[in-house]
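The following exercises concern the structure shown below. Each consists of a task and a worked solution.

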Amino acid sequence: MDLGLGGAAVVVSGGTKGMGRAAAERFAADGARVAVLGRGREALDDTVAALTAAGAADTLALQADLTDQASIAAAFAEVDARWGELNTLVNAAGPVEVGVAPFEMLDDDAWHATFDIGTLSAIRCVRAALPLLRKAEWARVVNVSAHSTRRQSPALVAYTASKAALTSLSKNLAQSLAPEGILVNTVSPGSFLSAGMKGYLAALPPERNVDPNNLYDAMRVIKEDFDHPAYMGRAGDPSEIGPVIAFVGSKVNSYMTGADINVDGGSDF
């Protein structure tokens with residue numbers, strides 16, 4: 001299916017790893033101009049090289065701190081100077097490192113850090129991107145939330161709360177921006193072998209016999225530690241969600257807004 005992404009201008013925050021990078025690569029393969037926003041220069045350069053090889057019409061590495069509005073504003077000023085418009089903004093940053101712990105182990109600093117990345121980073125990016133989205137012939141915002149907002153786990157209380165706030169924000173923005181033709185949706189991944197999950201698996205003790213790169217081992221741990229099994233019996237690979245994000249953020253998606261798209265490998269939630 002032609003998603004109408006040829007030549008489209010796309011920014012993916014958190015686009016250098018995991019599901020964000022998978023989405024960026026999907027947009028690139030469809031001929032979009034793709035900018036990735038992240039903190040590490042080496043990861044940005046590696047990602048941009050991969051996007052160019054995948055077929056991106058143009059690429060841009062935006063080094064920025066997602067917790068700092070001025071840094072984000074400077075990054076989007078580069079987009080304005082280079083492309084002068086923006087068709088699609090994808091916010092894919094996830095606060096896994098600080099957001100995975102039971103309630104009793106989370107102090108105020110941990111809560112603030114989790115919401116800073118899980119919710120406020122998207123707010124900052126949307127704020128900076130809106131003038132460029134308004135210049136484009138068509139515009140979409142895709143916020144990557146989480147399936148755990150529907151299926152709770154005590155170990156994910158802060159992470160899930162930040163993503164629930166992101167889902168609510170997206171629904172509200174969908175309503176306020178619909179008259180301008182800017183469509184806003186969330187995609188909520190279930191149990192994926194993201195960069196954060198790989199780190200969690202790699203830190204487990206050897207006696208648990210876990211290969212951090214194995215989708216079935218990942219699902220076994222996810223079931224044991226978070227009680228989030230999937231019908232398919234394995235975790236998802238980030239490459240499997242990239243096309244979903246690309247469709248939701250494409251010109252072809254012309255009427256869906258305010259939706260929360262669940263991609264979880266099968267569940268009763």
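**Exercise 1. State which residues Ser71 touches, not counting residues up to four places away in sequence.**

Solution. Contact here means heavy atoms within 4.5 Å. By that criterion, Ser71 touches Gln63, Ala64 and Asp65.

The model is a predicted one, in which local features need pLDDT of at least 70 and side-chain atom pairs count only at pLDDT 80 or more, while totals for chains, interfaces and linings use all residues. Residues are numbered from 1 along each chain as its sequence is written, and side-chain values use heavy atoms, with hydrogens and water left out.

**Exercise 2. Describe how the axes of H3 and helix H5 cross.**

Solution. Step one concerns the axes, which are lines fitted to C-alpha atoms, for helices over the stretch in contact, with angles from 0 to 180 degrees between N-to-C directions. Those of H3 and H5 (residues 108-135) come within 9 Å and cross at roughly 25°. H3 is therefore roughly parallel to H5, the class for angles under 35 degrees.

Step two lists the residues. On the H3 side are Gln69, Ile72, Ala73, Phe76, Val79 and Asp80; they meet residues of H5 including Arg124, Ala128 and Leu132. The contact of H3 with H5 has eight nonpolar, two polar and four charged residues. In this scheme Ala, Val, Leu, Ile, Met, Phe, Trp, Tyr, Cys and Pro count as nonpolar, Asp, Glu, Lys and Arg as charged, and the others, Gly among them, as polar.

**Exercise 3. Give the order of the strands in the open sheet and state which stand at the edges.**

Solution. Two strands pair if DSSP finds at least two bridges between them. Seven strands form the open sheet, in the order S3-S2-S1-S4-S5-S6-S7 and with parallel pairing. S3 (58-63) and S7 (260-263) stand at the edges; each has a single partner strand, so one side of each lacks a neighbour in the sheet. From one strand to the next, the twist averages 15°.

S6 (residues 182-189) pairs with S7 in the parallel sense over four bridges, and Val187 stands opposite Ile261 in S7. Helix H6 (residues 157-177) packs on the sheet, touching S5 (139-144), S6 and S7, and its direction makes about 160° with that of S6. On S2 (33-38) and S3, helix H2 (residues 41-54) lies across the strands, running at about 170° to S3.

**Exercise 4. Are Asn209 and Asp227 buried or exposed?**

Solution. Buried means under 20% relative accessible area, exposed over 50%, and partly exposed in between (1.4 Å probe, protein chains only). Asn209 has 59% relative accessibility and therefore counts as exposed. Asp227, at 57%, also counts as exposed.

Next, locate each residue. Asn209 is in the loop between helix H7 (195-202) and helix H8 (215-226), whereas Asp227 is in the loop between H8 and helix H9 (242-248). Lastly, consider the backbone: phi of Asn209 is near 55°, a positive value in a residue other than glycine. Asp227, likewise not a glycine, has a positive phi of about 55°.

Notes
Helices (H or I, at least four residues) and strands (E, at least two) are DSSP runs, numbered from the N terminus. Angles under 35 degrees count as roughly parallel, over 145 as roughly antiparallel, 65 to 115 as roughly perpendicular and the rest as oblique.
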